[in-house]
Amino acid sequence: ILLYVRPHRAVDVRTALVFPETPAIYWTTYDPTPAEALLASLAPEVTEARIPLRAGLRSFRFYRWPGGEPALGGVQPLPGGPHRWANGAQLVGYIVEGDLRPGGTLHWTLVWRATQTPTEDVYYHWFNHLLDERGQLRAQHDGPSLLPAYWRVGDTILNWFTLSIPADAPPGAYTMRVGMYAVQPGSGEFLGNIQVLGADGTPAGEWIIVGPSRVGE
């Protein structure tokens with residue numbers, strides 16, 4: 001009701017964080033999350049606008065973003081530069097965190113940009129396959145990117161994934177196989193992988209290999 005005549009986007013901050021190229025105001029309604037903590041480190045909260053709810057147990061919080069690219073720490077660039085998919089997603093880097101050992105938990109962040117707003121009536125998901133030195137799949141986490149109708153040219157988007165490294169996984173130099181696929185809204189029916197484009201704009205495969213990252217003893 002409050003935003004009926006205002007351009008806005010509703011994003012689940014538990015899976016995605018969007019930094020527009022132009023100035024924006026964030027209105028957060030969930031309980032505080034790690035994503036909101038990252039947002040607060042890059043965009044100042046408008047503390048005087050905070051609205052307490054339910055006797056102070058929760059609150060609406062507002063942040064002011066000046067626009068541009070976020071100054072993110074720990075981002076690993078892709079060899080050869082960003083990679084673009086046919087739907088307009090351009091992966092620029094990734095962040096690896098967590099306990100990188102057999103039995104540990106890997107926290108994986110994809111950092112990408114939108115180069116267009118898709119018009120297809122589908123949802124796009126990322127897939128992340130953790131491969132050992134022999135190319136054997138050891139862990140996987142798929143998840144949504146961002147509702148296609150909410151992609152805006154120049155957006156920088158972060159998506160988070162968690163992968164549990166099996167206790168019997170051998171130590172070594174691990175890589176991540178990263179790609180996107182489309183699903184049917186509502187039913188979730190798999191509609192196929194999205195092509196990665198080469199430098200000349202022609203299809204060059206259905207995924208890229210990122211890394212390596214060292215998994216120790």
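**Exercise 1.** Is Ser 59 buried or exposed?

*Solution.* Start with the ground rules: this is a predicted model, where local features need pLDDT of at least 70, side-chain atom pairs count only at pLDDT 80 or more, and totals for chains, interfaces and linings use all residues. Residues are numbered from 1 along each chain as its sequence is written, and side-chain values use heavy atoms, with hydrogens and water left out.

Next, take the cut-offs: buried means under 20% relative accessible area, exposed over 50%, and partly exposed in between (1.4 Å probe, protein chains only). Ser 59 has a relative accessible area of 8%, so Ser 59 is buried.

**Exercise 2.** Find where Ser 59 sits and which residues Ser 59 touches.

*Solution.* First, locate strand E4, which covers residues 58-65 and holds Ser 59. Strands (E, at least two residues) and helices (H or I, at least four) are DSSP runs, numbered from the N terminus.

Then look for contacts (heavy atoms within 4.5 Å). Leaving aside residues up to four places away in sequence, Ser 59 touches Thr 28, Arg 50, Ile 51, Pro 52 and Leu 53.

**Exercise 3.** Now step back and describe the whole chain.

Turn to burial: 40% of the 217 residues count as buried.

Finally, consider contacts between residues at least 6 apart in sequence: 64% of them join residues at least 24 apart.
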